[in-house]
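Colleague: Let us read this model together. Please take me through it feature by feature.

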Amino acid sequence: MHDKTRDVIVVGGGISGLTTAWHLKKAGVDVTLLEAKETVGGCTRTDRVDGFLLEKGPFNVMIRDPAFEDLIDGVSGHVNIIRAEESAKKRYIYRRGRLMPVPSGPFGLMTTPLLPFGGRCRLLAGLLVSARPRHGEETIEQAATRRFGRAACDTLVSAVIAGIFAGDIRKLSLSACFPSAGRIDASARSLLVYGLRQALRAARRNKNRRRRRWRGLVSIDGGLGALTGALGAALGADLLIGRRTEAIRQTANGFELDIGPPGADRKTLRCHRLVIATSRPEAVRLLRPVVPVAANVVDSIESASLVVLNLGYRRSDVGHPMDGFGFLVPGNEPEFPLMGALFADSVFPHHAPDDRRLLRVFIGGARDPGAVDRPDDELVATATCRLRDLLEIRGEPVLVDVCRYKEAIPQYHLGHGEKIARLRTAVDAIPGLHVVGNYQGGVSLNDCVRLATETARDLIGAGVIACASAPVRKAGMNQESRAVVSA
Ligand SMILES: Cc1cc2nc3c(=O)[nH]c(=O)nc-3n(C[C@H](O)[C@H](O)[C@H](O)COP(=O)(O)OP(=O)(O)OC[C@H]3O[C@@H](n4cnc5c(N)ncnc54)[C@H](O)[C@@H]3O)c2cc1C
């Protein structure tokens with residue numbers, strides 16, 4: 001390995017690190033990306049098996065930010081974006097042994113069997129007018145019961161949060177997980193009036209605004225792994241795979257990194273500026289010797305583990321239409337061992353051959369933290385047994401794929417905003433050091449791309465500014481944090 005001092009090294013080749021490095025390279029910055037594994041992508045991985053397209057980690061993107069659109073534009077010669085089927089708007093919730101459609105509109109809310117009569121009235125009344133928060137930061141459970149009542153919170157809200165954060169609504173902070181929902185909650189007595197006002201304002205503003213090209217759920221035709229693959233390919237020789245960063249040291253004019261296993265194969269690389277873009281547990285380990293306060297803060301952020309099972313069936317073996325996006329399981333169904341399942345080929349038909357169906361099942365999360373350590377056959381038996389009755393499945397799966405994600409979804413619990421502010425202060429005190437990743441500005445791909453893009457812009461700006469000896473500004477971390485296990 002060449003021993004020059006590089007300008008920027010990015011450690012970690014998931015979507016966060018790839019996006020940062022890709023922007024830097026495009027701007028002509030001398031950048032090297034180090035990825036521990038033999039392939040880039042991190043938890044964004046796509047496999048093709050027997051005609052199925054298997055998304056092993058993320059499944060879709062909800063594009064809410066120009067940063068993601070710009071990234072797609074930048075690699076548009078290599079990837080094609082595809083929209084989810086219109087029918088994917090239909091969603092189900094598991095309740096008392098059945099799948100029930102999630103209600104939409106006032107009539108649906110008034111008649112849904114998901115809630116008792118009193119729960120429906122309370123929900124509708126809460127939409128019309130309800131109390132604002134009185135005492136600062138609240139959990140999602142506190143805010144949802146205050147606004148919509150206990151029944152709607154336990155059935156509708158808890159199911160949605162399971163799908164987004166795989167988390168516990170009694171601990172997750174509304175303002176940290178959903179900053180704009182937190183702001184609306186703090187300012188509006190009537191959510192209905194607020195919604196109508198916003199719709200009117202948006203209609204007036206829209207003429208002058210940059211047009212959003214993709215609305216709703218999207219993916220890439222070759223799977224999301226094709227996006228990370230294209231970003232990696234664009235880095236060319238500046239991407240070094242199979243190079244785990246073992247340790248980092250601060251030096252007089254930057255950083256020194258030990259790469260690879262101890263012994264003869266270990267190399268030392270030097271750089272002026274360093275971006276840590278690993279998963280949260282690895283960031284803790286790498287930050288510890290350089291900035292222990294930051295390491296402690298990142299360490300204090302809990303993460304949920306989960307298992308993704310891709311199960312393929314013969315189309316003729318499945319009685320349920322499996323129409324729509326899939327189903328989620330609320331917290332008030334503790335006996336049901338799945339968090340939910342997506343009807344993958346109903347959302348993106350090319351994910352399964354015509355005569356097959358593909359289910360993407362989630363087990364674990366905050367409700368069942370031990371699931372990630374259970375043997376494959378136990379997990380598969382649990383899932384297939386429960387799905388058999390629910391979806392009227394007659395035969396055995398023709399494809400089984402088990403993927404474990406340990407400590408993969410950071411949980412933005414009460415106090416998360418303060419933690420990120422402390423992290424920011426500690427990292428800012430080390431010139432040239434930056435951290436990106438899903439434990440800060442949102443868990444979804446969209447949010448990871450936004451933070452990485454801001455960080456790259458700051459690094460590019462700082463490169464120019466540094467010549468004029470001006471102070472370096474770093475990317476903010478107070479972004480909308482919308483995580484998506486299933487959007
Ligand atoms: C099962 C699952 C489903 C999800 N579904 C969705 C979804 O549908 N939509 C959505 O928007 N989001 C989804 N998410 C969230 C989103 O995918 C992640 O938050 C995001 O991909 C995280 O990207 P990252 O680059 O920050 O981290 P990672 O993807 O974890 O990448 C970190 C990289 O760093 C590398 N690395 C670690 N240590 C070192 C080291 N010491 N040296 C060098 N390299 C190192 C790793 O090998 C890895 O490649 C899902 C997440 C999971 C786990």
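Modeller: R96 sits in the loop that links strand 7 (92–95) to strand 8 (98–101). Strands (E, at least two residues) and helices (H or I, at least four) are DSSP runs, numbered from the N terminus. Residues are numbered from 1 along each chain as its sequence is written. The model is predicted: local features need pLDDT of at least 70, side-chain atom pairs count only at pLDDT 80 or more, and totals for chains, interfaces and linings use all residues.

Colleague: What is the phi of R96?

Modeller: Positive, about 45°, although R96 is not a glycine.

Colleague: Is R96 buried or exposed?

Modeller: Buried means 20 or more other C-beta atoms within 10 Å of a residue's own, exposed 12 or fewer, partly exposed in between; C-beta atoms are placed from the backbone. R96 has 10 such neighbours, so it counts as exposed.

Colleague: And M322, buried or exposed?

Modeller: M322 is buried, with 24 other C-beta atoms within 10 Å. Its loop runs between strand 14 and strand 15 (326–328). Phi of M322 is also positive, near 45°.

Colleague: Which residues around the ligand come nearest?

Modeller: Near means that the C-beta atom, placed from the backbone, lies within 6 Å of the molecule. Of 40 residues around the ligand, G12, G14, G42, P58 and S444 come nearest. Helix 1 (15–26), strand 14 (303–314), strand 18 (399–410) and helix 16 (445–467) each give the shell at least two residues.
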